[in-house]
Amino acid sequence: MRELDPRQFDRILPLVPDHKKAGHMAFVHAMIEGRMAGAVFVDDAVRPRSALACNASGFWLALGEPRSDLVEEALPGLVNGLAGVEPSLLFGGSEGWTAVLASLFEGPVLRTEFQHAPIRASSARPDVPAGFELRPIDEGIARQFDGRVDPWVVRIWGGPERFVRDCFGYAVLQDGVLASFCTACGIGGSEAEVEVGTAMDSRRQGLAFVVCDAFMRECERRGLAPSWTCDAGNEPSQRLARSLGFVAFREVTGYRVVPGMRRVGGRWLAPAAG
């Protein structure tokens, strides 16, 4: 096993599937393109055939030829490193990799991936509800995430200042207060992975649809394909995705990687609760 220097991340490009065939690839390309931090472990540093691409956001991909030994060698360092930074899920980039991960971990996490058709120029923009304002996310709005909505997406970009520099998105405000947002939790390879959220006191008013529509129009302007992935049981997220023109095309299986994991009976297990 070898860990690549960030300047060498592009060596795994031949192993990365097209995002039209597999989701979450924006997280890999974001590292390769230097937009987001992370670690890449490979079997061969010069011509890798197998790789673990571990974005600092916690969305990790196993790529290339399935190799259980690569996971076994890398996992102790990941458990004591990146896995303690953000909640982490390791996905297989192919059916072969998914089978390998299933033999190493317990407790699979299912997520549903959606694809989107380009927005038609004739499609009407949704109205912003009375009393609300639609605005691009600036640094001041990004600073409001903590305390109003889950600040994870700002945090993984490196904080409000870097978020505004390296990412983009839209927010709906009420009297200057963040009510809803849509942005990207990963950008790369001509793809933007959608992240959306609405404050608890602002839900059920159609705000998420408004910000998502604005974000996807901006993606189209920038030549980015929006992608949508959510927990398989997250019905509200799936309904919103379908209302925006996304179509479910497959389910993917991931496995949690958390601090304190250890190998027991051939499998990596999370520490017991309590």
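## Lining of the largest pocket

Strand β10 contributes the most to the lining of the largest pocket, supplying six residues. The structure is a predicted model. Besides β10 (191-198), the elements that each provide at least two lining residues are the strands β5 (88-92), β6 (109-116), β9 (177-188) and β11 (225-231), together with the helices α7 (207-222) and α8 (235-243).

The volume of this pocket is about 1300 Å³. Its lining comprises 43 residues, of which E195, V196, G197, N234 and S237 lie closest to the pocket centre. By residue class, the lining of the largest pocket consists of 21 nonpolar, 11 polar and 11 charged residues.

## Cysteines and disulfides

How many disulfides does the model contain? With a disulfide taken as a pair of cysteine sulfur atoms within 2.5 Å, the count is zero.

## Burial of C54 and C167

Are C54 and C167 buried or exposed? C54 has a relative accessible area of 0% and is therefore buried. C167 is also buried, with a relative accessible area of 7%. Both values fall in the buried class because that class covers residues under 20% relative accessible area.

Methods: Residues are numbered from 1 along each chain as its sequence is written. This is a predicted model: local features need pLDDT of at least 70, side-chain atom pairs count only at pLDDT 80 or more; totals for chains, interfaces and linings use all residues. Side-chain values use heavy atoms; hydrogens and water are left out. On a 1 Å grid over the protein atoms alone, a cavity is a set of points where a 1.4 Å probe fits but cannot get out, and a pocket is an open set with protein on both sides within 12 Å along at least five of seven lines; lining residues have an atom within 4 Å of a point. Grid points are joined across faces, edges and corners, and a volume is the space filled by probe spheres set on the points. Helices (H or I, at least four residues) and strands (E, at least two) are DSSP runs, numbered from the N terminus. Ala, Val, Leu, Ile, Met, Phe, Trp, Tyr, Cys and Pro count as nonpolar, Asp, Glu, Lys and Arg as charged, and the others, Gly among them, as polar. Buried means under 20% relative accessible area, exposed over 50%, partly exposed in between (1.4 Å probe, protein chains only).
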